[in-house]
Amino acid sequence: MFTHQIRLRRRPTGKPAADDFDIIDVELPPLREGEVLRRTIYLSLDPYMRGRMSDGPSYAAPVALGEVMVGRTVAEVLESKHPSFARGDLVVSNDGWQSYGLSAGDDLRKLDPFRAPISYALGVLGMPGLTAYVGLLDIGKPSAGETVVVSAAAGAVGSVVGQIARIKGCRAVGVAGGRAKCDYVVNELGFDACVDHRTEHLTKALASACPKGIDVYFDNVGGAVLDAAFRLLNQNARIPLCGTIADYNATEVPRGPHLRPLLVKRAMIKGFIVTDHADRASACFKDLAAWLADGTLRYREDIVEGLDAAPSAFLKLFDGANLGKLLVRASPDRTRPPE
């Protein structure tokens with residue numbers, strides 16, 4: 001059996017390009033005791049992958065040149081020599097950008113297809129959902145009546161952050177790129193307001209949307225949005241720092257925002273990596289699943305067809321072209337009715 005792989009060909013300078021990747025077929029070795037063979041159904045595409053393409057210091061090792069791009073996947077077990085898994089099981093795995101995965105079963109988690117669509121395990125009931133939950137509740141610590149602002153509000157993490165803020169009795173304000181995304185954030189997700197960073201004067205528009213200032217700013221992008229939020233911080237504000245996508249493709253060291261408001265307002269800014277908070281996963285997914293079931297929490301996916309489309313689809317994350325959680329459907333999902 002051959003697996004179709006997308007490998008890192010070279011390290012990009014600035015924004016990644018489709019030809020930074022190679023697409024090849026590789027023969028898989030025979031299955032050994034304790035191993036599980038699986039077919040990739042969904043591949044998650046996430047901003048953190050840009051950092052793994054570079055070889056600078058980071059919280060995780062870079063992808064080596066010539067190696068398969070990293071990524072979380074949902075897969076179906078085709079063959080198993082592991083006592084905990086059987087043919088037909090659906091699992092979350094770390095197979096990366098390839099059509100089949102083969103490894104020991106220690107890194108696999110079984111999925112219940114009756115609980116939620118299996119693709120949700122890569123989004124709202126997976127790493128992005130846990131990121132939103134831990135970052136807002138454990139680091140942001142919002143209280144009812146406070147104002148919570150989140151950047152990239154139409155994305156997989158930001159969309160959940162704002163909705164949890166509303167559930168907790170806060171005023172939720174999003175920042176997104178484009179009027180269509182802002183309309184989605186307000187009209188479908190239920191945020192109180194959303195600022196279009198592409199067309200509005202950012203600081204003025206954010207001030208208008210936050211008449212009582214900002215108590216929690218959940219940052220996914222850094223750059224100008226972070227700078228605008230700094231100017232509106234309330235005393236003892238908190239800033240969960242989740243990502244800095246505005247700087248991911250920078251070819252020079254970006255100019256930092258004006259930091260004096262942190263001092264004046266005694267604000268706290270704290271970076272966090274979701275993999276450090278695995279102990280919160282059980283409570284997180286219990287709450288998120290309940291909110292999904294009763295309609296309190298809404299969720300959208302942006303699904304691209306075919307593994308070969310992964311390199312071009314990945315670029316959507318940096319163009320702001322996706323709405324919701326970005327996924328590649330690498331092979332048929334037999335648990336989901338035809339669309």
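**A close look at helix α3**

Mentor: Helix α2 (residues 127-140) packs against helix α3 (residues 158-167) at an angle of about 45 degrees, and their axes are 9 Å apart. Helices here are DSSP runs of H or I with at least four residues, strands are runs of E with at least two, and both are numbered from the N terminus. Axes are lines fitted to C-alpha atoms, for helices over the stretch in contact, and angles run from 0 to 180 degrees between N-to-C directions.

This is a predicted model, where local features need pLDDT of at least 70, side-chain atom pairs count only at pLDDT 80 or more, and totals for chains, interfaces and linings use all residues. Residues are numbered from 1 along each chain as its sequence is written, and side-chain values use heavy atoms, with hydrogens and water left out.

Back to the pair. α2 and α3 are therefore oblique to each other. Angles under 35 degrees count as roughly parallel, over 145 as roughly antiparallel, 65 to 115 as roughly perpendicular, and the rest as oblique. α2 passes α3 in a right-handed crossing.

Which residues meet? From α2 come Ala132, Tyr133, Leu136 and Leu137; from α3 come Val160, Val161, Ile164 and Ala165. Contact means heavy atoms within 4.5 Å. The residues of this contact divide into 8 nonpolar, no polar and no charged. Nonpolar covers Ala, Val, Leu, Ile, Met, Phe, Trp, Tyr, Cys and Pro; charged covers Asp, Glu, Lys and Arg; the others, Gly among them, are polar.

Now take α3 by itself. It is largely enclosed by the rest of the structure, because 8 of its 10 residues are buried. Buried means under 20% relative accessible area, exposed over 50%, and partly exposed in between, with a 1.4 Å probe and protein chains only. The buried residues of α3 are Gly158, Ser159, Val160, Val161, Gly162, Gln163, Ile164 and Ala165.

What do they pack against? α2 is one partner of these buried residues, along with strands β8 (147-151), β9 (171-176) and β11 (214-218), and helix α8 (281-293). After α3 comes Gly169, with a positive phi near 85 degrees.

Helix α5 (residues 202-209) packs with helix α6 (residues 223-230) at about 50 degrees, with axes 9 Å apart. Leu202, Thr203 and Leu206 of α5 meet Ala224, Val225, Ala228 and Ala229 of α6. By class, this contact has 6 nonpolar, 1 polar and no charged residues.

Definitions and conventions
A crossing is left-handed if the near helix is turned anticlockwise from the far one by less than a right angle, and right-handed if clockwise.
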